[in-house]
Amino acid sequence: MNIYIRPFGIMIAALLTSTSLPAHAVKPAAPAECAALPTHAQLHDALVLARKANNAGFNLEMWGTVVSRSGTVCAVAFTGKGLGDQWPGSRAISAQKAYTANAFSLPGLALATANLYSAVQPGGSLFGLQESNPVNPALAMQGPVSAWGQPNDPLVGQRMGGINVFGGGLALYNNQGVLLGAVGVSGDSSCADHAIAWRTRNNLKLDYVPSGVGPGGVDQITYQGDWKQPHCIKADLEDAVVRALPATSAR
């Protein structure tokens with residue numbers, strides 16, 4: 001028996017080595033379509049700065065994801081010192097929010113994920129939208145976990161999909177008005193997520209928004225009207241945060 005078992009064991013060990021090393025150590029760089037979008041370092045720094053502001057949330061650490069116009073993930077980052085400093089489940093949610101804001105924004109009309117909340121409720125004009133582009137769970141959960149939120153995050157270069165319809169996802173427009181993709185932020189209340197995403201986009205100088213259905217004719221969150229989402233913790237504080245958010249840039 002040994003004459004067969006030993007080579008078989010060696011073969012299995014070789015296969016495990018050959019299949020696991022590329023996933024752990026040889027992660028492809030972000031695709032060419034990400035060239036005009038923030039790098040991992042740029043996303044991280046913009047997200048950290050945005051999270052430090054008063055966002056009327058729980059003051060939690062955050063996840064952020066940037067996707068290209070095709071919905072391909074270009075960068076994933078978190079603000080804490082380690083992986084467990086922010087909700088692990090918010091990594092996938094941030095990617096969903098980025099995918100959603102990109103998928104339902106156009107060169108002439110930006111829709112934040114917060115703008116979609118009311119319309120997808122039962123009886124709403126977009127009811128069922130949240131089921132239209134299901135997330136790929138195999139991509140969302142693939143490892144190594146130690147790479148999550150790093151430059152070689154396994155999501156980079158992939159399209160995870162998923163639709164999310166509360167605050168935290170915003171389309172990204174450059175100073176020429178070109179829609180490049182979107183950013184998604186998750187880790188706090190959905191109201192705080194929107195504010196942090198808004199500040200992150202402003203920090204990245206990719207907020208040349210052409211028009212939208214929110215206050216000011218852009219993709220701002222609103223807590224009343226046809227494109228509203230509910231308040232999260234304290235309405236007066238959240239209203240004050242929205243009023244204090246920087247205006248979108250003008251071309």
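The charged end of Arg91 sits over the ring of Trp148, 4.1 Å from the ring centre. By that I mean that NZ of Lys or CZ of Arg is within 6 Å of the ring centre and within 35 degrees of the ring normal. Arg201 likewise lies over the face of Trp198, at 4.9 Å from the ring centre.

Please note that this is a predicted model, in which local features need pLDDT of at least 70 and side-chain atom pairs count only at pLDDT 80 or more, while totals for chains, interfaces and linings use all residues. Residues are numbered from 1 along each chain as its sequence is written, and side-chain values use heavy atoms, with hydrogens and water left out.

I turn now to the aromatic rings. How many aromatic pairs does the structure hold? There is one: Trp63 and Phe78, edge-to-face, with 5.2 Å from centre to centre and 70° between the planes. Rings of Phe, Tyr and Trp (its six-membered ring) pair if their centres lie within 6.5 Å; planes under 30 degrees apart count as stacked, over 60 as edge-to-face and the rest as tilted. Trp63 belongs to strand E1 (residues 63–68) and Phe78 to strand E2 (residues 73–78), 15 residues apart. Both Trp63 and Phe78 are buried, that is, under 20% relative accessible area with a 1.4 Å probe, protein chains only.

Finally, the chain as a whole. Of the 251 residues in the protein chain, 48% are buried. The protein chain has six helices and four strands, where helices (H or I, at least four residues) and strands (E, at least two) are DSSP runs, numbered from the N terminus. Their order from the N terminus is α-α-β-β-α-α-β-β-α-α.

Conventions:
Buried means under 20% relative accessible area, exposed over 50%, partly exposed in between (1.4 Å probe, protein chains only).
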